[in-house]
Amino acid sequence: MDRYVINGGHRLYGEVCVSGAKNAVVAILPATVLIKGRCVIENVPDIRDVKFLTNILSHMGASIERLDASTLSVDCTDVNVYDISDFEGIGDMRASYYLIGALLGRFNRARVGMPGGCDFGQRPIDQHIKGFERLGATVSVCDDVVSAEAKCLRGASIYMDKISVGATINVMLAAVRAEGQTVIENAAKEPHVVDVANFLNSMGADIRGAGTDVIKIKGVCDLTGGSYAIIPDQIEAGTYMVAAAAAGGRITVRNVIPKHLDSISAKLREAGVEIEEDDECVTVTRLGPLRSVNVKTLPYPGFPTDMQPQITTLLSVADGDSVVTESIFDFRFRYVEELRVMGAQLSVDGNVCRICGVGGLTGARIRSYDLRAGAAMLIAGLMADGRTEVEDRAYISRGYENIVDKLRSLGADITMQTVDGVY
Ligand code: EPU
């Protein structure tokens, strides 16, 4: 278990550099399974999910080398395993589902443990399965193992009944070497969907339309290696922006694509935070009081669900009443109880959280329930009076590189200790 100790009340000043996008790299690493040749991947964040995926790829026969702190060389030419259902911990991770699409695309078969990930209620994979079946695979789920098999994958037209990041990317992975053309309609448009398509195209794939709701994939025979740099992490950037808005001060967040942050910047501006954008950075200034705002999470370009716990935490100290509506997942407000312990006034009814802003939060012992809620609890600690201890089952390190060092470099008083074996 990790324990973060924060002495709150310090304003944040300075610069912080954002790492490569977690939700892009967790798809791009599985995508290397489709490629015969060496892929040099730059801007890879040093996070637990990356370590886990590189361990699985090595177990499958990939050659992996770290060329420098953020560059990996991955060569899956010799991968010869399609059954990774017994790999320990595979069910704890959501992105392991991308190995189904990638193995199916490479070997026409796959056996992978049912994906887990953060607990937000039901997280079905019916749209992934529907897509694989439309491409000609037979898919079954038995004893928490997903098995997929096809004589041959053939391009098809697939309409997604629900806009899903995971299903869009997974079908892209399975279709990239299929015979003929695949069309994904009602596709997800998140920046990491585009990044995976760009990665595959740079390795020889023919994918058009990523970033719109119709993606067309013409199957190619082979993908070969090359070099690719992962985009900056939209959610990591947004988390530091909200941290500065919460603690007060003025910070510059570097290595970002400001366009990806539009919905976050818009809501922070409404709340009275000043945001200046430059080519690859945003500067966030908050010196005065915060105003209440209403936020509804939506697929990109809407406000991201992965920023919902952070913005709710911020609004708990805004002047007036705010309403935050979660429209992507059924159950993503569990952390609200922890904010109440710190003095926040919030009530949750289904997927709606009503916030009555209070003058400030008081430090307390709290826990994190998942990756983004964990980051939100750190933000709560930064703005609270006194000492906050956040107990975290190593969720935060799954997705944030060096969060303690980055926050300390901005002037936060935060430390972290790992208590081995205690969960
Ligand atoms: N859904 C279905 N059927 C499916 C797939 C999804 O009903 O087959 C539903 C989900 O239950 C949800 C909605 O569709 O209600 C959207 O789910 P989506 O598939 O887009 O989410 P995901 O692929 O499971 C990814 C990210 C999440 C992020 C969501 C939404 C990864 C590994 N995970 O999850 O990231 O919240 O997209 O943007 O990319 C995080 O980074 O903390 C995180 C949870």
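This is a predicted model: local features need pLDDT of at least 70, side-chain atom pairs count only at pLDDT 80 or more; totals for chains, interfaces and linings use all residues.
Local features need pLDDT of at least 70 and side-chain atom pairs count only at pLDDT 80 or more, whereas totals for chains, interfaces and linings use all residues. Residues are numbered from 1 along each chain as its sequence is written, and side-chain values use heavy atoms, with hydrogens and water left out.

**Exercise 1.** Determine the strand order of the open four-stranded sheet and describe what packs on it.

Solution. Begin with the terms: strands (E, at least two residues) and helices (H or I, at least four) are DSSP runs numbered from the N terminus, and two strands pair if DSSP finds at least two bridges between them. The order is then β21-β22-β1-β23, with mixed pairing, and the edge strands, each pairing on one side only, are β21 (365–367) and β23 (413–418). Neighbouring strands are turned by 20° against each other on average, direction ignored, where axes are lines fitted to C-alpha atoms, for helices over the stretch in contact, and angles run from 0 to 180 degrees between N-to-C directions. Helix α11 (residues 371–383) packs on the sheet and touches β1, β21, β22 and β23, contact meaning heavy atoms within 4.5 Å; the direction of α11 makes about 25° with that of β1.

**Exercise 2.** Locate the salt bridge between E236 and K406, and state whether its two residues are buried or exposed.

Solution. A salt bridge requires a side-chain nitrogen of Lys or Arg within 4 Å of a carboxyl oxygen of Asp or Glu, and the structure holds 20 of them. For E236 and K406 the N to O distance is 2.8 Å. E236 lies in helix α7 (residues 234–247) and K406 in helix α13 (residues 403–409), so the pair ties together parts 170 residues apart in sequence. Both residues are buried, which by definition means under 20% relative accessible area, with exposed over 50% and partly exposed in between (1.4 Å probe, protein chains only).
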